[in-house]
Number of protein chains: 2
Amino acid sequence: MCDTLVIFAKKMFEALKDSPLFKGLEIADIDLLINNTLHQIKQFSNKEVLAYSGEKVEKAMILLEGKLHGEMVDFAGNSLKIEEMDPPQMVAAAFLYGPQSVFPVNLSAIADGKMLIIYKKDFTQLLSDDQRVLNNYLNIVSGKAQFLSRKITFLSFKTIKEKIAYYLLQNLRSGSQMVTMTQSQKGLAEMLGVARPSLARTISEMEADQLIRWERNQVEIINLKLLQIILGR
Amino acid sequence: MCDTLVIFAKKMFEALKDSPLFKGLEIADIDLLINNTLHQIKQFSNKEVLAYSGEKVEKAMILLEGKLHGEMVDFAGNSLKIEEMDPPQMVAAAFLYGPQSVFPVNLSAIADGKMLIIYKKDFTQLLSDDQRVLNNYLNIVSGKAQFLSRKITFLSFKTIKEKIAYYLLQNLRSGSQMVTMTQSQKGLAEMLGVARPSLARTISEMEADQLIRWERNQVEIINLKLLQIILGR
DNA sequence: CCTAAAGTGTAACATGTGTGACACTCTTGT
DNA sequence: ACAAGAGTGTCACACATGTTACACTTTAGG
């Protein structure tokens, strides 16, 4: 029993070593830091709701296994997918401090998993215990702000065509003319904040215009220049 | 000449004492910190563009006097006002670190003023020199992320009516039924990301429905319950 | 005090998007 | 291999919003 625990802990530290928060630290360092900190492991199962939008954020959460899904739901019931989170990432990192530290999204599991939980007070201690972790945390929070800023860019495009063009150009590796979709059209529609049939319709139009060829999860950019012109140069 | 400089510096430290970044510090502390740091003062005049979206953020900037205006401009030329900044606030705080530290907005002055500039390296030093400043900075960056998150909430509303209702309810002091507008309809339209005549039209409709009375920069909430129902319960 | 600039109310019209529906295809698990 | 579920293509229709235009009011500056 004790052995299993030790093995689990070892696996956890290995996972954490790859996390943005503990980047640059050795497993031994992490072990030391974590064991000086009150913490717990929370198991969760698929479809479980882990937090509701508006709830107070009182603990730092680091996803160890599984997959999470964050979405904003407005009062009319429309939902806007904000992001999906894979391990080993920190959850709600930018919402642990600040004047209004509440969850901005409904957080639910889309796969069984577990996460490491550290209460805010202990996490703050951890930040001042290790300069590297602090630095990493600063980068994470800034990164989140930048992510949200890009999200706003997206939402501020007025037409679906613009949104698609922007999305494709963002995900196009230079040199290639293929974009690999990491999600279904349904998922994409939720990300872009548009209705699914509207997205499909617009894609059809763009195909008819010889702009792109959309097949399964591979999209070929046929006319790159025209695509850029849609974005108004 | 030297006297004027000393007087200016004193005024600056007083201003900084009220800034979120130096909250809780004494003027003497700030004096010491700043004077151990390479810094400069930049003067700017009304309508001057201080930074373009996409430009690299290489220095920490703290607004001392004047007023700034940040807006996203998409390629088609549509602009979305993100925020207006008053002194003594830090500018682009959440974009100094992180994986992609570039300005998210076009930054321009809407009044003459000056700002304190500290290069990134020196600012980082400043953060580790004083625990309180670091803490303040963490709060600022988190606050920015939360601000952006709220902005997304706004943009994700589909109808203008919803946006107006949300805006009014956000700015309604409990107990009162008056909301004081801090900006013109034109400015509000830019914030909400809608066309100005569309906003005016919707306001007219809401007045016709006996929901609100919009006069100058005072808005009276006539039917609070109905307003909440527009937001879907 | 007067003028120019900025902001506001309103209209007719074009258009992009959401809705709800349906058939079809692909994926998944049993 | 099959069934059930999820995803996709497409349609007709309603409707909210953008556009452009113009008259009017308020504000700010000389």
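The following exercises, each with a worked solution, concern the predicted model shown above.

Residues are numbered from 1 along each chain as its sequence is written, while chains are lettered from A and ligands numbered from 1 in the order in which they are written. Because the model is predicted, local features need pLDDT of at least 70 and side-chain atom pairs count only at pLDDT 80 or more, whereas totals for chains, interfaces and linings use all residues.

**Exercise 1. Describe the overall build of chain A.**

Step 1. Helices (H or I, at least four residues) and strands (E, at least two) are DSSP runs, numbered from the N terminus. Chain A contains eight helices and nine strands.

Step 2. Along the principal axes, the C-alpha atoms of chain A fill a box of roughly 65 × 40 × 35 Å.

Step 3. Domain bounds come from an automatic or database domain assignment. Chain A is divided into domain 1 (2–151) and domain 2 (157–230), and the C-alpha centres of these two domains are 31 Å apart.

**Exercise 2. Determine whether L25(A) is buried or exposed, and identify its contacts.**

Step 1. The loop between α1 (2–17) and α2 (27–35) of chain A holds L25(A).

Step 2. A residue is buried if 20 or more other C-beta atoms lie within 10 Å of its own, exposed if 12 or fewer, and partly exposed in between, with C-beta atoms placed from the backbone. L25(A) counts as buried because it has 20 C-beta neighbours inside 10 Å.

Step 3. Two residues are in contact if their C-beta atoms, placed from the backbone, lie within 7 Å. Leaving aside neighbours within four places in sequence, L25(A) is in contact with K17(A), I30(A) and R132(A).

Step 4. The C-alpha atoms of L25(A) and D130(A) are separated by 9.8 Å, although these residues are 105 residues apart along the chain.

**Exercise 3. Compare the span of α7(A) with its expected span.**

Step 1. The expected span is 1.5 Å times one less than the number of residues in the helix.

Step 2. With 13 residues, α7(A) has an expected span of 18 Å. From its first C-alpha to its last, α7(A) reaches 19 Å, which is close to that value.

Step 3. Just after α7(A), Q210(A) takes a positive phi of about 60°.

**Exercise 4. Characterise the contact between chains A and B.**

Step 1. In chain B, 36 residues are in contact with 36 residues of chain A.

Step 2. Helix α4 (residues 131–156) of chain B gives the most to the side of chain B that touches chain A, with 15 residues.

Step 3. Ala, Val, Leu, Ile, Met, Phe, Trp, Tyr, Cys and Pro count as nonpolar, Asp, Glu, Lys and Arg as charged, and the others, Gly among them, as polar. On this basis, that side of chain B has 18 nonpolar, 13 polar and five charged residues.

**Exercise 5. State which residues come nearest to DNA strand C, and which element supplies the largest share of the surface near DNA strand C.**

Step 1. A residue is near a strand if its C-beta atom, placed from the backbone, lies within 6 Å of it. Of the 15 residues around DNA strand C, T159(A), S198(A), S184(B), Q185(B) and P197(B) come nearest.

Step 2. The largest share of this surface, five residues, comes from α7(B).

Step 3. By class, the surface near DNA strand C has seven nonpolar, six polar and two charged residues.
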